[in-house]
Amino acid sequence: MKTFTIIGGGVAGASIAYHLAEFGHSVTIYDRFDEGQATTASAGIICPWVSQRRNKKWYRLVQEGARYYPEFIDELENLTEQTTGYKRNGAINLFKDERIQQLAYERIAAKQDDSPEMGDVRKMTKDEVKQMHPHLTTAYPAVFVEGGGQINGHDLLNALKVGIQMHGGKWIQQDVHPEHCEGTVIYTAGAWATEIDQEPAVRHQRAELLHLSLDETSTHPNVPIVMGLGPMYIVETGSNQYAIGTTHEDTTDFSTTPSEENQQYLHTEAERYFPDSHVQDQSIAVGLRPFTRDNLPFIGFVQENIFAVNGLGSTGLTVGPVIGREVAAI
Ligand SMILES: Cc1cc2nc3c(=O)[nH]c(=O)nc-3n(C[C@H](O)[C@H](O)[C@H](O)COP(=O)(O)OP(=O)(O)OC[C@H]3O[C@@H](n4cnc5c(N)ncnc54)[C@H](O)[C@@H]3O)c2cc1C
């Protein structure tokens, strides 16, 4: 049995702590739950196969992340009797017209052999989109990916916290510095890693997500996630409730005050995707996504006794659990 101190209780630190505690190690995780914590603000989409990003190492990581989710959530929810909001209702990927839809279909379907967990991949007409997601616009054709899913970042962290404690670990809500820690330190401070002078260099992007409700009498629960045009996506958060995002703002500022301009922009986007509904803004979630210099996650020792995991970027919810499993195994 070894002793580990983990600094930062977002999805990176909590997943590592959970797996280490499960393996029987002595684990203490410190988290001070800064405003802007990325994990809680996240949309929680788990659907890496539709990305156009070409980096093969990154793709292998996100692919493994999505593959591990069902087994991991099954184990975590059974152990803790907590729900994580994990559901796999599929993903509707919208495209501007039928030509682009066809190209995207070929690109996405080509990944199926290597990723059977994607499930069925098929083209959808505009009418089929409307049948599957009655709130959604009929303006665009789509490609459906059956294995697309989502997780609630806040609920996942709660379940991990309970799981860590059930495996004998400690979760302490407190600020801590690596110099004052016992055993091997695992530093998973997200955007706040800039507070100590150490590799990897981390920068962050401020992202806003608009939570909204649709003022309607009919409900259509359990609809798929929607990957819209460009970087826009929509996830269901409750009955007739959705979150749409995000904005992307490179900044050195840690402010989490919502911007009226961004809210207006996201509201207008929501009206574009839900043209027949009355969109009511509920709240804005602001999160700080951590990136490294090369936009790839950093996982490794940075000093003899300090192991860092950071830079999970836009897909940290997807890769957090599998990184937890692999880092604990190392
Ligand atoms: C709006 C938004 C939408 C997103 N959507 C998705 C998505 O759909 N799918 C997806 O896969 N990913 C998504 N992401 C990305 C994902 O949320 C992040 O990559 C991931 O949450 C980063 O996790 P982390 O543990 O590295 O950092 P964080 O979750 O930010 O956690 C870091 C924690 O460390 C704590 N900490 C820092 N320093 C100390 C210290 N000295 N002592 C104690 N505690 C400390 C902080 O308080 C914080 O709680 C999204 C992110 C945002 C912001």
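Reply: One term first: a polar contact is a pair of N or O atoms within 3.5 Å; within protein, one atom must be able to donate a hydrogen and the other to accept it, and residues adjacent in sequence count only if both atoms are side-chain atoms. The model is predicted, so local features need pLDDT of at least 70 and side-chain atom pairs count only at pLDDT 80 or more, while totals for chains, interfaces and linings use all residues. Numbering runs from 1 along each chain as its sequence is written, and side-chain values use heavy atoms, with hydrogens and water left out.

Me: OK. What does UniProt place at residues 5–329?

Reply: The unreviewed entry there gives the feature "domain: FAD dependent oxidoreductase". UniProt positions follow the numbering used here, feature names are shortened, and annotations may be inferred rather than shown by experiment.

Me: Now the ligand. Which residues come nearest?

Reply: D31, D34, T39, G313 and T318, out of 38 residues around the ligand. A residue is near a molecule or strand if one of its heavy atoms lies within 4 Å of it.

Me: What kinds of residues make up that shell?

Reply: There are 16 nonpolar, 17 polar and 5 charged. Ala, Val, Leu, Ile, Met, Phe, Trp, Tyr, Cys and Pro count as nonpolar, Asp, Glu, Lys and Arg as charged, and the others, Gly among them, as polar.

Me: Which part of T39 lies 2.5 Å from an oxygen atom of the ligand?

Reply: A polar side-chain atom of T39. With V11 a backbone N or O atom is involved, 3.2 Å from a ligand oxygen, and with F33 a backbone N or O atom lies 3.3 Å from a ligand oxygen.

Me: And how much of the ligand does the protein bury?

Reply: 99% of the 1,000 Å² that the ligand exposes when taken alone. Such areas come from the Shrake-Rupley method with a 1.4 Å probe; for residues, only the protein chains shown count as cover. The elements giving two or more residues to the shell are α1 (11–22), β2 (26–31), α2 (38–41), β15 (279–292) and α8 (316–329).

Me: Back to G313. Where is it, and what does it touch?

Reply: G313 sits in the loop between β17 (306–310) and α8. Neighbours within four places in sequence aside, G313 is in contact (heavy atoms within 4.5 Å) with R289, P290 and F291.

Me: Why is G313 called buried?

Reply: Because its relative accessible area is 14%. Buried means under 20%, exposed over 50%, and partly exposed in between, with a 1.4 Å probe and protein chains only.

Me: Change of topic. Which residues are joined by cis peptide bonds?

Reply: E199 and P200 are joined by one, with omega about -5 degrees, and G245 and T246 by another, with omega also about -5 degrees. Most residues other than glycine have a negative phi, and most peptide bonds are trans. P200 is in the loop between β9 (184–187) and β10 (202–214), while T246 is in the loop between β13 (241–245) and β14 (249–251).

Me: Is T246 buried or exposed?

Reply: T246 is buried, at 4% relative accessible area. The side chains of T246 and R289 make a polar contact of 2.6 Å. Beyond four places in sequence, T246 touches A207, E208, L209, P231, M232, Y233 and R289.

Me: What about T247: where is it, and what does its side chain do?

Reply: T247 belongs to the loop between β13 and β14 and is buried, at 7% relative accessibility. A polar atom of the T247 side chain lies 2.8 Å from the backbone nitrogen of E208. Contacts of T247 beyond four places in sequence include R206, N262 and R289.

Me: Last one. Which residues have a positive phi although they are not glycine?

Reply: E81, at about 60 degrees, is one, and N295, also at about 60 degrees, is another. E81 is in the loop between α3 (56–80) and β4 (91–94) and is exposed, with 72% relative accessible area. N295 is in the loop between β15 and β16 (298–303) and is partly exposed, at 33%.

Technical notes: Helix = DSSP H or I, 4+ residues; strand = E, 2+ residues; numbered from the N terminus.
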